[in-house]
Amino acid sequence: MSTEFFNDQWRIPSNENQNKVSNYSMSFDGTNTKIEFGDVNGFDRTDAFSGSCWVYLTGGSINEYIISKQDDTTRKGYAFYVNSTRKLGVIISRDASVNIAQVLSTSNMPNNTWTHIAFTYDGSSTRAGIKLYINGVLQTLNYIGDSNITGSIVDASLPFQISGRGGITTNAVNGKIDQVSVFDYALSSSQVSTLYGGGTAITNPMTISPKPISYYQLGDQSVDNGANYLVPNNSLSDYVFDFPVMNYTVNPDKIFLNNQAQVFNNATNFSFSG
């Protein structure tokens, strides 16, 4: 029997995503809504890496952690976040007392609009190796904390999270996140610009070379529109949610949506598919 391929552009109206990202992205309400992984897919970084995603923030006065592998106790690891004054930031640190390198954008993050954000880190020993982008534009940075990033930032005991930071329930994103991708190298400015797509189109991160090591499509673009297709019984190859940990007391791998009343409450008839 021949292989059957599906392409979502054949069955979704042509005006899909004309406003950057679909309405079917994953929503987070700011109170412990998160996607939490164990120590998988190369999330413990020992050299250069980058992160990219689309966010739709509704505003607030707390730090909202977008992706992280860090907590408030050890501070070892990294976090990509929007701070309480709406600046985009990255923290990369070795421990709680020294080598806590932090950068913040001088521009504010907009609210109530889809925004593409990215950070790159070239693996060097100073915070000058960190860059931030908002809608494809390289940001002028404010430097906070230590200038050096020396020693290992790896802490395998901490989970990688989308929305929130390890062990903290009050710093989740208040808004929506779509198309999270992690790269095991520092993206160039032209690659970030390609991911942004100029604000008029969504670029599939799988077209970037080298491809991301992890890519989570949290919206309705669940089919690659280039050379990578959704194949029956093969899903999206290695780019799917991976839940390897069975022990729920040690780095549980989960998607926790809290009480999303608009979806899961007051339903007399419902169905699930996956």
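Buried here means under 20% relative accessible area, and that cut-off is the one to keep in mind for the close-ups of this predicted model.

**View 1. Strand 8, enclosed along its length.** Eight of the eight residues of strand 8 (residues 114–121) are buried, so the strand is largely enclosed by the rest of the structure. Which residues cover its two faces? Trp114, His116, Ala118 and Thr120 sit on one side, Thr115, Ile117, Phe119 and Tyr121 on the other, and all of them are buried.

**View 2. The neighbours of strand 8.** Strand 3 (residues 49–57) runs antiparallel to strand 8, and eight bridges join the two. Look for serine 52, whose bridge partner in strand 8 is alanine 118. Strand 9 is also antiparallel to strand 8, joined to it by five bridges. In that pairing, tyrosine 121 stands opposite isoleucine 130 of strand 9.

View 3. Threonine 33 belongs to the loop between strand 1 (26–29) and strand 2 (34–37). Serine 163 is 130 residues away in sequence, yet the C-alpha atoms of threonine 33 and serine 163 are 6.9 Å apart in space.

**View 4. Backbone angles worth a second look.** Most residues other than glycine have a negative phi, and most peptide bonds are trans. Arginine 86, however, has a positive phi, near 75 degrees. Arginine 86 is placed in the loop between strand 5 (77–82) and strand 6 (87–93), and it counts as buried because its relative accessibility is 8%. Glutamine 179 also has a positive phi, near 50 degrees. This glutamine is part of strand 13 (residues 174–183), and with a relative accessible area of 6% glutamine 179 is buried.

View 5. Serine 209 and proline 210 are joined by a cis peptide bond, with omega at about -5 degrees. You will find proline 210 in the loop between helix 1 (189–196) and strand 14 (214–216).

View 6. The chain averages a pLDDT of 76, and 68% of the residues score at least 70. Which elements mark the two ends of the confidence range? Strand 9 (residues 130–134) is highest, at a mean of 97, and helix 2 (residues 261–264) is lowest, at 52. Over residues 1–22 pLDDT stays under 50, and the model has 44 contacts beyond four places in sequence for them. Residues 221–237 also stay under 50, with 43 such contacts.

Notes:
Residues are numbered from 1 along each chain as its sequence is written. This is a predicted model: local features need pLDDT of at least 70, side-chain atom pairs count only at pLDDT 80 or more; totals for chains, interfaces and linings use all residues. Side-chain values use heavy atoms; hydrogens and water are left out. Helices (H or I, at least four residues) and strands (E, at least two) are DSSP runs, numbered from the N terminus. pLDDT is the predictor's confidence in each residue, from 0 to 100. Contact means heavy atoms within 4.5 Å. Buried means under 20% relative accessible area, exposed over 50%, partly exposed in between (1.4 Å probe, protein chains only). Two strands pair if DSSP finds at least two bridges between them.
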